[in-house]
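Let's walk through this structure together, one packed region at a time. Keep the sequence and the 3D view open beside the text as you read.

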Amino acid sequence: MKIAILTSGGDCQGMNACILSAYQTAKTKKIEIFKVIGGFDGLIDNKIYPLNEIDIIGRENLGGTILKSARSKRFYEDKYVKKSAKNLKNLGIEHLIILGGNGSFKASLELQNYGISCICLPATIDNDLNMDRTLGFDTALNNIVNAIENISDCTKSFGYGAIVEIMGRHCSDLTDISSVCLQTKLVVKAKEDLQIVANKIKTKKPQNFLILLMENTVDLDYCKEFLETNTKYIYKPHRLGYIQRGGRPSAFDRWYGSELGRLSVEFMSKNKSNFALGYVEGKIVVLDIQKSLK
Ligand code: F6P
């Protein structure tokens, strides 16, 4: 049996642990494992090579993805899906492990139409799939909390407010859970929230007025302007950006990534595929790909 593995969409912490575990499991089962470089673009461009020990050993607990990633626009076109399946089949590969989020899961359904068996692994900091936890979410959350505590040290010293924009694409989980961890009720997830936040600040100036802003909702500079006009305090805006997505994975994400890698190869070795795996109620379970999309 020959299988290939790729990472697609936003990289996340734990991807490399997953790749190592898939590699090691494949080795013990005498399965040939291939790497695809650069996500679905790499499939289209035939960047498919044997995965070697040297690629991964010692890099398994680093952030990012050793396989590189991409947000492939071409893969939306059927001719490129067909080409990708052909490239895999030319190498005798009919099984593909896909690490990614919503877009990558959908892409796997297209590939299945051309006879490629897929297992989708939930790798995104956004937690925007229908399961309890996606890979990377735990580390991103820790990164956010640590970064904001650093920011607050400085803003508190001057009596400034801090407005911090948090990732999540269209999912508010990172923002919501951070607000609990950092004990702030000043959260902006829609334009209407700004007046509510301003009123809270005006009626009771908090010790540390930390405002969490969910990305893709209200413009960060507009938030600053609005709050300065409506509350008469000074605000320091921060966009955390890739600080959230990078860095070494937490213990949970190392474990989660490793288990996803091991289980996916074990399932494939028994010819079981075309589903997703995900963490639900304390364990990793098999999920229908369509139903795991949010
Ligand atoms: O999906 C992960 C994510 O980090 C989102 O939270 C964010 O909206 C997006 O990717 C950013 O994308 P890019 O890395 O292309 O700027």
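**Helix contacts, cysteines and loops**

Threonine 25 lies in helix 1; helices here are DSSP runs of H or I with at least four residues, strands are runs of E with at least two, and both are numbered from the N terminus. Before going further, please note that this is a predicted model, in which local features need pLDDT of at least 70 and side-chain atom pairs count only at pLDDT 80 or more, while totals for chains, interfaces and linings use all residues. Residues are numbered from 1 along each chain as its sequence is written, and side-chain values use heavy atoms, with hydrogens and water left out.

Is threonine 25 buried or exposed? With a relative accessible area of 9%, threonine 25 is buried (buried means under 20% relative accessible area, exposed over 50%, and partly exposed in between, with a 1.4 Å probe and protein chains only). Leaving aside neighbours within four places in sequence, threonine 25 is in contact with Arg262, Val265 and Glu266, where contact means heavy atoms within 4.5 Å. Valine 265 is 240 residues away from threonine 25 along the chain, yet their C-alpha atoms are separated by 6.5 Å.

Those partners lead us to a helix pair. Two packed helices are described by the angle between their axes and the distance between the axes. Helix 1 (residues 15-28) and helix 10 (residues 251-269) have axes that come within 7 Å and cross at roughly 35°. Axes are lines fitted to C-alpha atoms, for helices over the stretch in contact, and angles run from 0 to 180 degrees between N-to-C directions. On the helix 1 side the contact is made by Ala17, Cys18, Ser21, Ala22, Thr25 and Ala26, and on the helix 10 side by Arg254, Gly257, Ser258, Leu260, Gly261, Arg262, Val265 and Glu266. Sorted by class, the contact of helix 1 with helix 10 has 6 nonpolar, 5 polar and 3 charged residues; Ala, Val, Leu, Ile, Met, Phe, Trp, Tyr, Cys and Pro count as nonpolar, Asp, Glu, Lys and Arg as charged, and the others, Gly among them, as polar. The crossing of helix 1 and helix 10 is right-handed, a term used when the near helix is turned clockwise from the far one by less than a right angle, with anticlockwise being left-handed.

Now turn to another pair. At what angle do helix 6 and helix 7 pack? Helix 6 (residues 137-158) and helix 7 (residues 173-181) pack at about 50°, with their axes 10 Å apart. That makes helix 6 oblique to helix 7 (angles under 35 degrees count as roughly parallel, over 145 as roughly antiparallel, 65 to 115 as roughly perpendicular and the rest as oblique). Helix 6 also passes helix 7 in a right-handed crossing. Phe137, Ala140, Leu141, Ile144 and Val145 of helix 6 meet Asp173, Leu174, Ile177, Ser178 and Cys181 of helix 7. By class, this contact of helix 6 with helix 7 has 8 nonpolar, 1 polar and 1 charged residues.

Next comes helix 5 (residues 102-112), where Asn102, Ser104, Phe105, Ala107, Ser108 and Leu111 are buried. What do these buried residues pack against? Their partners are helix 2 (39-44), helix 4 (78-90), strand 4 (95-100), strand 5 (117-122), strand 10 (275-280) and helix 11 (289-292). Asparagine 102 has 17% relative accessibility, so it counts as buried. Not counting residues up to four places away in sequence, asparagine 102 touches Asp128, Leu129, Leu293 and Lys294.

What about the cysteines? The structure holds 0 disulfides, a disulfide being a pair of cysteine sulfur atoms within 2.5 Å. For cysteine 12, the nearest cysteine sulfur is that of cysteine 18, 9.0 Å away. Cysteine 12 counts as buried, at 0% relative accessibility. The sulfur of cysteine 118 is 6.0 Å from the closest cysteine sulfur, in cysteine 120, which is too far for a bond. Cysteine 118 is buried, with a relative accessible area of 0%.

Finally, look at two loops. Most residues other than glycine have a negative phi. Lysine 30, although not a glycine, has a positive phi of about 60°. Lysine 30 sits in the loop between helix 1 and strand 2 (32-36) and counts as exposed at 74% relative accessibility. Glutamine 183, also not a glycine, has a positive phi of about 50°. Glutamine 183 is found in the loop between helix 7 and strand 7 (187-188), and it counts as exposed at 74% relative accessibility.
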